[in-house]
Each structure stands twice: as C-alpha cells, then as structure tokens.
Amino acid sequence: MSSTSKRMRVLVATGAIGTAMGLVLAGCGARAGDDTAGAGSSAAAGCVDTSGDTVKLGFLNSLTGGMAISEKTVSNVLHMAADEINAGGGILGKKIKYVQEDGATDWPTFAEKTEKLLTQDCVAAIFGGWTSSSRKAVKPVVEKLNGLFFYPVQYEGLESSPNIYYTGATTNQQIIPAMDFLASKGVKTLFLAGSDYVFPRTANAIIKLYAAKLGIKIVGEEYVPLDKDDWTSQVAKIAAAKPDFIFNTINGSSNVGFIKAYYDAGLTPAQTPIISVSIAEEEAPAMGHEVTGNYASWNYFQSLKTPTNPKFIQSWKAYPNSSGVTSDPMEAAYISLYLYKALVEAAGSFDVNAVNAAAKKNTITFDAPEGKVTLDGENHHISKPGHIGRINADNQFDIVWASDKFIEPDPYLEGYDWFPADIRKQLTDAAG
C-alpha cells in the first residue's frame, strides 16, 4: 500500500462484527436522491461546449499498473460503444469525441485526471474506474464540479451520489446472491481473502453479518495490499483452517499471486473451492494456473443466453484490440454509455441537472447483453440478474445458479433485517 493510501485509511471498530475494519479514501457526498441541484454547477457545466457537431466524453481507466489486467478491456469496450453510437447518429445528433486518460492504478491520479477532464477538456461526462478506491477519489471531484461519472464495476454498496451512475452490481446484487448460493450448497465454514482497501473490507464486514444469519462460520480473514502479490503466508492459514469455501474479494493482478499460492499450498477446487467477485472471463486465463472448478458471482457471463448477447459477443470479437472474450465489468461499461445516451435524449440536454431530472421523471431502460436493465432514478443504480458460474476448461463459466428475477438495487441494504441501522451507519461513515 502506498504512503498516500496509508495516510487515508480510517479504522472503524464495529462490535457486532467483532473486528477492526480498515477502510480507505474518505470523501462523503450526498445520496443521489438528495436535492443538490445547482451545487458546483459553474466549473464543469459552464465549460462543456455542445454548439458544434460533437460532444466530448472522458474515458478514465488504468492502462498501466496492477489494475491494467482488468481495466484495459473496459477502456476498449467504451471505445466500441462510442463507435457504435456514432455510427447510429450520435447523441442528440452529436458524435462522441472521447478523451482517454490513464488512471495508472493510482487513486490521486484518478482525482487529478477527473479534474483535468472536467475543467480543461470540458467533457460532458466521464466513464471508467474499477476499484472502489478509484471511485472514492473521483467522487468528491465530480460532486464539487457538478460533473457526471459512470462507474461500471461491482462494489461494496453503502453509497449513492447525484453525480455518479452505477452500472455494476451493488452488494445485494452480487455478494448476497453468492452467499445464498453457498448456503444452498450446504457450506458451513468460509475463509475470507481480500485486497486491503475499501471494497473487500466493507464487503467482508457485510458477509460476516449475513453469514451469521445463514449459519455459516467465518474461520479466517486475510488481506494483502492491492499492489502486492505474495499470498504465501496468508494461504498457509487458509490451508490450516480447512474451510468449505474461500470467498475471494481480491482485485487485479494480485489474484495471480493468490492462485499461485493456493496451488503451491496443495489446495484444489475439489476440496477447497474459491468463489470470486473479481475474476471473470478476462482474468481467468491470465492466472498462470488452471482455475477450472472454481466459481464466480456476476450478473453477466459470456455464456448467458439472452437475445442480445450473441450480437454483443460477435461485435466485441470483431473489434480492434479485442481480448476476444466478454466479461461482466466490460459489459457494464458498455451499458453505461448507452444509458447515458438514453438519459441525455430523455432530458433533451447534456446539462447535468437536466440529466438527473430526466432520470427521476422517466423510466430509463436498456436491452443489455445481460437482459433488459432499468435505472433507478433515485439511487442511480440499475436492476440486475444474479448468476453464479463455475469455471470450465475453456476459461468460460457454466452457470450453476441464477436469481429467479432481476434484483432491484438496494445499495444501503435497507431491506435486510440482519443489517442493523447502527452498523449501516458505521460502515457508511467509514467508507465515505
């Protein structure tokens, strides 16, 4: 962990969980439904120029550093979506002119690039990010400057903002389905392994609460900094604990080190399977070891049978610099650009306040590869199906569990009686 990240960590003790949580990057903002119209509207909104036949959008992804293994594909699919939209006439008749920036797996860089995109490049909206730390770095900047940020990756929840739209899963659309699946498999013991930053620590605090409700015992919990890949000592503890399953909230290339240590310790999917929330079709073949037999919880898989998925896969495979496989985060990034188009067209304007008003007034939907998603105009999240996939020998996922319907977003888990209000407040305050 960098010295900057260390300085920004906040420790919160939660007695109901019985552990200290390390969380990063404070920066509280209003919930999406709060009335902040006009707040900070001068800098970004006054800079955007839509008088010509183009509109500038910003793409902000880690093209270098530990998260590049995942984020390059998100960047490329944003380019593909922009090309498709331009071929169809653009947004309100204006072609997208995108400005690509590299977040470099460095959270202060994400903040700096966000400010540049809004105040110097004068983009109408920004798309990208992956880790919650990157989103937390962007959040206070877009709120101050009244910009828009579209975030495409699953995260720990406990957040909404009038300046952020979340097209990846919140907790009740990925973590809770994963736990429901484990309970259905008769899992009694679980070991938590995560990267040392806000998403894994907050997600694991929630997992521990729900595990208690389900009668699943947590037999260990280990973290390694996001920029480190030596999991030897931590995996030795997993092997000693002999859990029924490992819940993996590791992100980026650190997963490679974790999988190596897993096999070096003699662990196998047959005896000690892993369920991950950040390993998808893109990452599976990059692990350096065969990961057949392990599991992942996502809302979208390439193997998903929907009317829109075959065309999406075909378009992506034919696109220049394509990885050749689709995945949940890149599909959610693809969704984000089309939802923005729908919002702007519903508003009849690129103005941020007009876009947010249109989100509340209209039912905004998109026939996504994962199915028809609907935007919640109050909390800026979207409905999603839940799926659990088991990795096969082709590094694709055989779907072994699916929710019976699309799951409405509940980022603050207000509909779950096992999540006490005092713990919700503590975790929300700590996450920022």
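I began with the side chain of glutamate 283, which makes a polar contact of 2.7 Å with the side chain of serine 70. By polar contact I mean a pair of N or O atoms within 3.5 Å; within protein, one must be able to donate a hydrogen and the other to accept it, and residues adjacent in sequence count only if both atoms are side-chain atoms.

A note on the source: this is a predicted model, where local features need pLDDT of at least 70 and side-chain atom pairs count only at pLDDT 80 or more, while totals for chains, interfaces and linings use all residues. Residues are numbered from 1 along each chain as its sequence is written, and side-chain values use heavy atoms, with hydrogens and water left out.

Next I checked the backbone: the nitrogen of alanine 280 lies 2.9 Å from a polar atom of the glutamate 283 side chain. I also listed what glutamate 283 touches (heavy atoms within 4.5 Å): Ile69, Ser70, Trp130 and Ser278, leaving aside residues up to four places away in sequence.

Is serine 278 buried or exposed? I count serine 278 as buried because its relative accessibility is 2%, and buried means under 20% relative accessible area (1.4 Å probe, protein chains only).

Then I looked at the partners of serine 278. Its side chain makes a polar contact of 2.9 Å with the side chain of asparagine 251, and another of 3.4 Å with that of glutamine 154.

Definitions and conventions: Buried means under 20% relative accessible area, exposed over 50%, partly exposed in between (1.4 Å probe, protein chains only).
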